[in-house]
Amino acid sequence: MEFVLFVAACLAFSLSPAHAPLALRCGLAACLRFSPRAAIALSAVAAFSGHLGALAGRGGLRAVPPAQRPPVACAAVVGGTLGRMALLLFVARFSGSLALAQLQAAALLVLCAAALLPGRVGRMRLPRSRAGLFALSACCAAAEGFFGCGASALFLLAAREGVRRRAVPAAALLLGLLAQASALLLTLLSGGAQVFPLRIPMALALGALLGGWRFERQKERGGVLRGLRVALFVYVLLAALAGAEQAYVGDPHGRTILGSSLRAR
C-alpha cells in the first residue's frame, strides 16, 4: 500500500503539480478504502509536500513575482483557513461519511471539470490590481481548504496568459502551499486531524515532494509526457465520476457500480 501511494504521488506530481492533488483526492475516495475525510487529509498532505517540492525546484520564494507575493500569501492563509473551517463545522454537525461525500461529490466533479478546461476555453485574465488578485486567490484557497485540493489548478486558469503551455506559475504553487499549510494547522489545532499509521502519510509526502521537484527539473520531452498528462486528466474525471456515483448511487454497505471491484477487503 505505502509503495503504491509513493509511486502514485510521485508520478502525478511529476506530470502536473497543479492537477495532482485533484487526482489523489478523487482517486483515494473512489477506491472505497478511504473515507472522504481520510481522502481529504491524505491529499492535503500530498498537496503541501508536492507544492513545496515544486516551489523549491523553481528556486524558492524569489520565483514568485514580488508584486504577487503579499496578496497571494495573505489570500492563501485567509481562504485556506475559512475553507477548512467550513469543512470542520459541517463534519461536527453531520459526522457520517455519506453526508460529507454527498455534499462534496457533485461540487468536486464540477471543480475537476473546470480545472481541466483547455487553455483556449478556460482562458481568463489575471487581475492586475492587488484587491482583485487577493479575491481570486482567496476563492481558490477556500476550495483548497474545503476539498483538500484545487487552489493551484483553479488559479492556473486565470494565469495562462504569458505562461508556457504546460508550466505552472510560481504564484499558484505558493497559493497551494500556504492554503494547505493554514488548513492543516487549523485541523491540528482543532483536534479534527485523522489518525493514520505514520508510513502512509510519509509515503505520500515523500512521493509528492520528489514528484514536484522532478516536474521543475525535467525538460519537455515530447509525446510520451503529453500522453501521460492526458491520461492523468482523464483519470481525474473518471475518479470524480466514480466518487459521485459512490455518494449518490451506492447502497448502505458502500457497494457501487463503478467502485465495487475496488472495495476494500
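A helix here is a DSSP run of H or I at least four residues long, numbered from the N terminus. By that rule, L42 sits in helix α3. The model is a predicted one.

L42 has a relative accessibility of 1%, so it counts as buried. What does L42 touch, not counting residues up to four places away in sequence? The list is L28, F34, F196, I200, P201 and L204. Take L204 from that list. L42 and L204 are 162 residues apart along the chain, yet a separation of 7.5 Å divides their C-alpha atoms.

Now step back to the whole chain. The protein chain has 11 helices and zero strands. Its pattern along the sequence is α-α-α-α-α-α-α-α-α-α-α. Of the 265 residues in the protein chain, 50% are buried. Consider contacts between residues at least 6 apart in sequence: 80% of them join residues at least 24 apart.

E2 counts as partly exposed because its relative accessibility is 24%.

Side chains of opposite charge can pair when their charged atoms come close. How many salt bridges does a search of the whole structure find? It finds one. The partners are E2 and R199, whose side chains meet at 2.6 Å, N to O.

Move on to α4, residues 69-93. This helix has 25 residues. From first C-alpha to last it reaches 36 Å, close to the 36 Å expected at 1.5 Å a residue. Its buried residues include P71, V72, A75, A76, G79, G80 and G83. R84, L87, F90 and V91 are also among them. These buried residues pack against α3, α5, α7 and α9.

R84 is buried yet has no salt bridge. How far away is E144, the nearest side chain of opposite charge? The distance is 7.4 Å. A salt bridge needs a side-chain nitrogen within 4 Å of a carboxyl oxygen. Leaving aside neighbours within four places in sequence, R84 is in contact with residues including I40, E144, G145, F146 and G148. Q180, A183, L184, L186 and T187 are in contact with R84 too.

An α-helix has 3.6 residues a turn, so residues three or four places apart point the same way. V78, L82, M85, L89 and F134 form a nonpolar patch on the surface. Together they have about 440 Å² of accessible area. Helix α4 gives the most to this patch, with four residues. L89 is in helix α4. L89 counts as exposed because its relative accessible area is 57%.

Next comes α7, residues 130-147. Its 18 residues should span 26 Å at 1.5 Å a residue, and its end C-alpha atoms are 26 Å apart, so the two agree. Buried residues in α7 include L133, S137, A138, C140 and A141. A143, E144, G145, F146 and F147 are buried as well. What covers the buried residues of α7? The cover includes α2 (20-30), α3 (36-58), α4, α5 (97-115), α8 (151-157) and α9 (170-190). After α7 comes G148, whose phi is positive, near 85 degrees.

End with A247, in helix α11 (residues 223-249). A247 is buried because its relative accessible area is 4%. Leaving aside neighbours within four places in sequence, A247 is in contact with L98, A101, Q102 and A105. A247 and A101 are 146 residues apart along the chain. Their C-alpha atoms are separated by 5.5 Å.

How values were computed
Residues are numbered from 1 along each chain as its sequence is written. This is a predicted model: local features need pLDDT of at least 70, side-chain atom pairs count only at pLDDT 80 or more; totals for chains, interfaces and linings use all residues. Side-chain values use heavy atoms; hydrogens and water are left out. Patches are made of residues with over 30% relative accessible area and no salt bridge: like charges are joined within 9 Å, nonpolar side chains (Val, Leu, Ile, Met, Phe, Trp, Tyr) within 5 Å. Accessible areas come from the Shrake-Rupley method with a 1.4 Å probe; for residues, only the protein chains shown count as cover. Helices (H or I, at least four residues) and strands (E, at least two) are DSSP runs, numbered from the N terminus. Buried means under 20% relative accessible area, exposed over 50%, partly exposed in between (1.4 Å probe, protein chains only). Lys and Arg count as positive and Asp and Glu as negative; His and the chain ends are not counted. Contact means heavy atoms within 4.5 Å. The expected span of a helix is 1.5 Å times one less than its number of residues.
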